[in-house]
Amino acid sequence: MTMTPTVAAPPAEPPIQTLVRKDKSEEALVTDWRELPDLVQEVTAIWPQSHVFYTEGDHYTPMLFTESLRQALALLSHRVHSIPLGHRLGWEEISSWIVPTALDIQTSPKKVTLLVSHPSITRRRMGSVYLVSRIDAVSDGHRIGGAEVRYSAHPPAIYDRLRGPYASAKEAFGKAIRLTAPVAPALVGRSDTRNVVLTPIDQPLSWQLRVDTTHSVLFDHPHDHVPGMVLLEAAAQAAQATSPTPVATTRFDTKFLRYVEFDQPCFVTATPTEDTIQVTITQSGTPVFTTTVTTTPWPTTQPN
């Protein structure tokens, strides 16, 4: 009698929320991807009509586009570049832009196609990977945005060495400073106090960074440092606070200089120029983040 050898089933592919580094399935914007010619990947993201953080009134916040980019690159780091899920991803620089009319909420969820290429990938001997990705965003046949992102992926041993006593996300959350009071939500283009990330201080055009580690979107899971999405949201809110009328953030040109810790206060300063707002975040007197924010007035609806 001939016995048929047992063939082990291939390991199950992790769910999409794991691939985009989110714990909650409802926070996964990316739904699918495929390979295109010339080493380009096409990633599909769906923008919901209503969201507790990424929608305000009749428009999306610009951070929804940024989060879509983040999720797409996280997915491709694993599926295309074979970077293990245990590696820690981190942004170094990001330049991104979005057409303001693309932020209008439609009568159905918005499908956004992200076309991603990778002009530079550098792999180090100990397992770290440094990448540059370029993204074009298309919706309804129109180019609505784009970005260039420089980021890294470190294996746990190297990342833990880089972070030293701050390597544990659980311990970092436990050491977070007490939650500070928010500015008035309307000042920063928000309607819900929970979504405000600035605290008033006695200095013009300056605020303390407000870090709510219980926020269900910004902190979908524990982090060992304040995420870049929180810092970018702070920059967008600071830019709005410099304007007497509602504006949309249409461009970020950003450098992430240092890890931002939970156990020390951070301070956000906005410096308006003729065309942009320079936003700097400092911690312990040292710059940790800097960005140039470009804004445009939200279009107003004319009465009939």
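**Exercise 1.** Determine how the lining of the largest cavity divides into nonpolar, polar and charged residues.

*Solution.* The model is predicted, so that local features need pLDDT of at least 70 and side-chain atom pairs count only at pLDDT 80 or more, while totals for chains, interfaces and linings use all residues. Residues are numbered from 1 along each chain as its sequence is written, and side-chain values use heavy atoms, with hydrogens and water left out. Begin with the cavity, a set of points on a 1 Å grid over the protein atoms alone where a 1.4 Å probe fits but cannot get out, its lining residues having an atom within 4 Å of a point. The lining of the largest cavity comprises 16 residues, with Ile177, Leu209, Val211, Phe262 and Gln264 nearest the centre. Sorted by class, with Ala, Val, Leu, Ile, Met, Phe, Trp, Tyr, Cys and Pro as nonpolar, Asp, Glu, Lys and Arg as charged, and the others, Gly among them, as polar, the lining gives 10 nonpolar, 3 polar and 3 charged residues.

**Exercise 2.** Decide whether histidine 154 is buried or exposed.

*Solution.* Histidine 154 lies in strand E8 (residues 142-154). Its relative accessibility is 6%, and histidine 154 therefore counts as buried (under 20% relative accessible area, with exposed over 50% and partly exposed in between, for a 1.4 Å probe and protein chains only).

Key
Helix = DSSP H or I, 4+ residues; strand = E, 2+ residues; numbered from the N terminus. 1 Å grid on protein atoms, 1.4 Å probe; cavity = no way out; pocket = protein on both sides within 12 Å on 5 of 7 lines; lining within 4 Å.
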